[in-house]
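This report looks at aromatic ring contacts and at charges placed over rings. A pair of aromatic rings is described by the distance of the centres and the angle of the planes.

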Amino acid sequence: MEQTRQHTVEDREFWENLYQTKRTAWDLGQVAPPLKTLMNSPYAMPKGRMAVLGCGNGHECLFFAERGFEVTGVDFAPSAIRSTMDKLSKSGLLGKSAYLLERDFFKMHDYDGYYDYVLEHCSFCAIDPSLRRTYAWTVRDLLKPQGKFISLWWLIPDKQGGPPFAAHKTDLFDLFGEFFNIEIAYEPKDSVKDRKGHEFITVMSRK
Ligand SMILES: C[S@@+](CC[C@H](N)C(=O)[O-])C[C@H]1O[C@@H](n2cnc3c(N)ncnc32)[C@H](O)[C@@H]1O
């Protein structure tokens, strides 16, 4: 008899099911305040071409597209793409400066070296920890030389299983330090209530 495999966090069906059953507790319903603050600070990055990996409901896509970035939201869950598409379409930016790719961000080699920026928000802690090194390679490969990896990390204390999976500051420095120079690193002061003390901002440039 044919056995049906249980979907895991590596499968788009797993995530699509969370969207369809409205179990999206990670979704802040707005762009994360620390990213807003960063982009209103003297450290704000100039406009450029940005990939948002695991874009979810697209709050960050809309935010950066409205600031003149050419943004591509990438997600393999159809519901996430649909919801981001609605937002971008209402803003009039879809197809002008904002684009969407419904695909696995680990399989984007046709875009290697294409982006000035890659944005990370709640994707690193969402993938299986065994794929973290591949994630670091993926980000490096998508970026142009000296391209920047802008990250708002959600740090998760030790726990069994996930998502979100346990994620520590040391993991970030260990994994990404090999391929990136860390230019900015700080704990934001304006995290939403539930994430206070559990977020960390870094901006790294590809070596
Ligand atoms: C925890 S959610 C975060 C969404 C969004 N970044 C946010 O902060 O609201 C993780 C997202 O990554 C997507 N995702 C996970 N693994 C992926 C992969 N390999 N390729 C594309 N999308 C992926 C999921 O579908 C989900 O939308």
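This is a predicted model: local features need pLDDT of at least 70, side-chain atom pairs count only at pLDDT 80 or more; totals for chains, interfaces and linings use all residues.

**Ring pairs**

The count of aromatic pairs comes to 22. One of them joins Tyr111 and Tyr115, with 6.1 Å centre to centre and 25° between the planes, and is stacked. Planes under 30 degrees apart count as stacked, so the 25° of this pair places it in that class. Tyr111 is partly exposed at 22% relative accessibility, whereas Tyr115 is buried, with a relative accessible area of 0%.

Trp153 and Phe176 form a tilted pair, with ring centres 5.3 Å apart and planes at 50°. Trp153 belongs to strand 5 (residues 143-154) and Phe176 to helix 6 (residues 169-176), so this pair ties together parts that are 23 residues apart in sequence. Trp153 is buried at 2% relative accessible area, and Phe176 is buried at 0% relative accessibility.

**Charges over rings**

Two arginines are placed over aromatic rings, as the table shows.

| Charged residue | Ring | Distance to ring centre |
|---|---|---|
| Arg49 | Tyr114 | 3.9 Å |
| Arg140 | Phe179 | 4.7 Å |

Arg49 lies over the face of Tyr114. For Arg140, the charged end sits over the ring of Phe179.

Notes. Residues are numbered from 1 along each chain as its sequence is written. Side-chain values use heavy atoms; hydrogens and water are left out. Rings of Phe, Tyr and Trp (its six-membered ring) pair if their centres lie within 6.5 Å; planes under 30 degrees apart count as stacked, over 60 as edge-to-face and the rest as tilted. Buried means under 20% relative accessible area, exposed over 50%, partly exposed in between (1.4 Å probe, protein chains only). Helices (H or I, at least four residues) and strands (E, at least two) are DSSP runs, numbered from the N terminus. A charge sits over a ring if NZ of Lys or CZ of Arg is within 6 Å of the ring centre and within 35 degrees of the ring normal.
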